[in-house]
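This report covers a few local features of one model. Please keep the sequence and the 3D view open while reading.

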Amino acid sequence: MVKGSALDIGCSNGFFLEELKDHGFKELYGCEPSTEAKDVADPLIKEHIFTGFFTDEVYKDNMFDLICCFQTLDHLNDPIGMLKTCFSKLKPGGLLYMIMHNVDGLQAKLLKEKSPIIDIEHIYLYNTKTVSLAVEKAGFETIKTFPIKNSYPLEYWLSHAIFPLHKQINGMFKLLKLDKLHV
């Protein structure tokens, strides 16, 4: 893959754009609706962050070698429309790389309705099959879908627990200084 231009949709403070720069990408762009996030970005990255939502008018067609979108698609009213816009903004052979919550993932299965992915902000929920269907409907070919592994402090898991005495158990782990242990 050519490491020319990259766009991070929902880039927050541009931390991933900095990683892309360190990995050889020459032209970096971010799209972030939060002015607060952009305000704390590295000055060299900040000037390349567009403040607002990703729409067809913001960037030229065939502009990017890579578009990244992390934990964003499930917040959108029109995810297929956004994916179609991504398709038009990528150069031929360009890649779209996304990370999103998996409604079939372990966290969702364990925590059920207490899972943070089940909330009013997540309009659509995906699994590996439905995300493939969405990107293919927008014109992409799915190369690979795979789970990623996150770890969270034990206190996080216990704060979302759905069993009796979870607060007492959390207190015990805190007393034993195990509450920060990543699981």
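## Basis

Buried means under 20% relative accessible area, exposed over 50%, and partly exposed in between, with a 1.4 Å probe and protein chains only. This is a predicted model: local features need pLDDT of at least 70, side-chain atom pairs count only at pLDDT 80 or more, and totals for chains, interfaces and linings use all residues. Residues are numbered from 1 along each chain as its sequence is written, and side-chain values use heavy atoms, with hydrogens and water left out.

## Cysteines

Cysteine 68 is buried, at a relative accessible area of 1%. Cysteine 69 is also buried, with 1% relative accessibility.

Cysteine 68 is in none; the nearest cysteine sulfur belongs to cysteine 69 and is 8.8 Å away. Cysteine 69 is in none either; its nearest cysteine sulfur is that of cysteine 86, at 6.3 Å.

## Strands β4 and β5

Helices (H or I, at least four residues) and strands (E, at least two) are DSSP runs, numbered from the N terminus. Strand β4 spans 64-70, and α4 spans 79-89. Strand β5 covers residues 90-99 and runs parallel to β4, joined by six bridges. Two strands pair if DSSP finds at least two bridges between them. Cysteine 69 stands opposite methionine 98 in β5.

Together, β4, α4 and β5 form a right-handed β-α-β unit. A crossover is right-handed if, with the strands pointing away from the viewer, the path from the first strand over the helix to the second runs clockwise.

## Aspartate 74

Where is aspartate 74 placed? It lies in the loop between β4 and α4. Aspartate 74 is buried, with a relative accessible area of 1%. Contact means heavy atoms within 4.5 Å. Not counting residues up to four places away in sequence, aspartate 74 touches His101, Glu121, His122, Ile123, Tyr124 and Tyr126.

## Positive phi

Most residues other than glycine have a negative phi. Serine 12 is not a glycine, yet has a positive phi of about 55°. Its place is the loop between β1 (5-9) and α1 (15-22). Serine 12 is partly exposed, at 29% relative accessibility.

Asparagine 62 also has a positive phi, near 55°. This residue sits in the loop between β3 (49-51) and β4. At 47% relative accessibility, asparagine 62 is partly exposed.

Conventions
Disulfide = S-S within 2.5 Å.
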